[in-house]
Amino acid sequence: MTTSSGSHRTEPSTTAAEREMLDGWLDYHRATLLWKCEGLQDEELRRTPLAPSELSLLGLVRHMAEVERYWFREIMLGEDLPELYVTDEDRDGDFHFTEAATWAEAEQVWRTEVERARQAAAGRSLDLVSKAESHHRGEVFSLRWVYTHMIEEYARHNGHADLLREQIDGATGE
């Protein structure tokens, strides 16, 4: 699979200091998710080709916007923010959408949340402890842990994106 519309993935440095390494890997995985969506139409991005799974590429991008927002802003900074797509009635709302859901909207929301996540982390020590506790675990986290978790989260979902993309149009790539 080759990139053609501007998605740019930069291999992380193999000798960087810790912060640069974490930023590099997180940005690499962010770019990989966009790359897996590149060149597809809205209908294809909404497709759920791995039944009975409800996973779609559009859903993965919406989910990662929620995850960026949650870990960097709600947990690390303690901001009180509404969910983007998830509701009390539908905890998987990021994966449930109508035909009206568009790539343009999902990508813009995701890009905004990524930029806000970068701002939330900028200039802060990796040892900084979150202002809020996890809604699920009731624990606080270091910024280092959040970076590591986000890399893991993207890597796992990029594996899903590989499978989805291959089912949609046969495209494969690392």
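Colleague: How many helices and how many strands does the protein have?
Modeller: Five helices and zero strands, where helices (H or I, at least four residues) and strands (E, at least two) are DSSP runs, numbered from the N terminus. This is a predicted model, so local features need pLDDT of at least 70 and side-chain atom pairs count only at pLDDT 80 or more, while totals for chains, interfaces and linings use all residues. Residues are numbered from 1 along each chain as its sequence is written, and side-chain values use heavy atoms, with hydrogens and water left out.

Colleague: Which residues touch the most other members of the largest nonpolar core?
Modeller: L57, L60, W71, F72, W110, M150 and Y154, out of 44 residues. Such a core is a set of buried Ala, Val, Leu, Ile, Met, Phe, Trp, Tyr and Cys residues joined through side-chain atoms within 4.5 Å; buried means under 20% relative accessible area (1.4 Å probe, protein chains only). α3 gives the most to this core, with 12 residues.

Colleague: What is Y154 in contact with, leaving aside its neighbours within four places in sequence?
Modeller: L26, H29, R30, L33, M64, E68, W110 and V114, with contact meaning heavy atoms within 4.5 Å.

Terms used
Buried < 20%, exposed > 50% of the residue type's maximum accessible area, 1.4 Å probe, protein only.
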